[in-house]
Amino acid sequence: MELLKQRILKEGRSLDGGILKVDSFINHQLDPKLMQAIALEFVQRFQGEEVNKVLTIEASGIAPAIMVGYILGVPVVFAKKKKPNTIDKVLHTKVYSFTKNVTYDVIVSPDFLTSSDRVLFIDDFLANGNAALGAFDLINQSGASLVGMGFVIEKSFQGGREKLECNGIKVESLAQIADLSDCKIAFKE
Ligand code: 5GP
């Protein structure tokens, strides 16, 4: 997606450890017009698939996910990283975050993810694939069907895509980054 790639080149910063900082339009400040364009692109890439729910993980996945849900006219569920006291029964998994070097709990209420759901998972980044595999675990626990997974940015050098495709998951990413070494940002051809 050319618009997104140009924005990454203009405002993204390549940090040590293969981290891309995109705080000015995805992870802190948000650009609604760009998010709308991102969501339209996701909708086009998953055209023809029957989807009745969008799933993401808080927090940065919520913005692209809600735009996709708005266009498709379906509810958006965000898996939570802490169990609120207001929820009794939960589906639960654990996810290791390499950016924060911690393992955190991810939960979703079985009221909002059920065996009748056909789910499109949307997130901001695909890196090692741990967050996405956690979401896949929750979807499997609920008995829902996974239609596919869409990521705004994929860091192709971290191998997440291969892990997901091994599980038969259809993966779409709008910008694929091949290399972030030496403070450079190189896209996959
Ligand atoms: P994974 O579980 O695929 O290793 O990492 C995915 C999650 O880690 C994303 O949801 C995102 O929040 C975070 N993440 C991974 N790599 C980056 C990065 O380079 N920049 C930012 N801002 N977040 C990242």
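**Close-up views of a predicted model**

**View 1. Helix α1 (residues 2-11) packs with α3 at an angle of about 140 degrees.** The axes of these two helices lie 10 Å apart, and the model shown here is a predicted one. Angles over 145 degrees would count as roughly antiparallel, so α1 and α3 are oblique to each other instead. Their crossing is left-handed. To find the contact, look for L3, L4 and R7 on α1, and for L34, A37 and I38 on α3. Sorted by class, this contact holds five nonpolar residues, one charged residue and no polar ones.

**View 2. Helix α3 (residues 32-45) also packs with helix α4 (residues 62-72).** Here the angle is about 60 degrees, and the axes are 8 Å apart. Roughly perpendicular pairs have angles of 65 to 115 degrees, so α3 and α4 are described as oblique to each other. This crossing is right-handed. From α3, the contact is made by P32, M35, Q36, I38, A39, L40, F42 and V43. From α4, A63, P64, M67, V68, I71 and L72 take part. How many of the residues in the contact of α3 with α4 are nonpolar, polar and charged? There are 13 nonpolar, one polar and no charged.

**View 3. S173 sits in strand β9 (residues 171-179).** Is S173 buried or exposed? Its relative accessibility is 5%, and buried means under 20%, so S173 counts as buried. Leaving aside residues up to four places away in sequence, S173 touches R45, F151, E154 and R161. With E154 there is also a polar contact, made between the two side chains at 2.6 Å.

Technical notes. Residues are numbered from 1 along each chain as its sequence is written. This is a predicted model: local features need pLDDT of at least 70, side-chain atom pairs count only at pLDDT 80 or more; totals for chains, interfaces and linings use all residues. Side-chain values use heavy atoms; hydrogens and water are left out. Axes are lines fitted to C-alpha atoms, for helices over the stretch in contact, and angles run from 0 to 180 degrees between N-to-C directions. Helices (H or I, at least four residues) and strands (E, at least two) are DSSP runs, numbered from the N terminus. Angles under 35 degrees count as roughly parallel, over 145 as roughly antiparallel, 65 to 115 as roughly perpendicular and the rest as oblique. A crossing is left-handed if the near helix is turned anticlockwise from the far one by less than a right angle, and right-handed if clockwise. Contact means heavy atoms within 4.5 Å. Ala, Val, Leu, Ile, Met, Phe, Trp, Tyr, Cys and Pro count as nonpolar, Asp, Glu, Lys and Arg as charged, and the others, Gly among them, as polar. Buried means under 20% relative accessible area, exposed over 50%, partly exposed in between (1.4 Å probe, protein chains only). A polar contact is a pair of N or O atoms within 3.5 Å; within protein, one must be able to donate a hydrogen and the other to accept it, and residues adjacent in sequence count only if both atoms are side-chain atoms.
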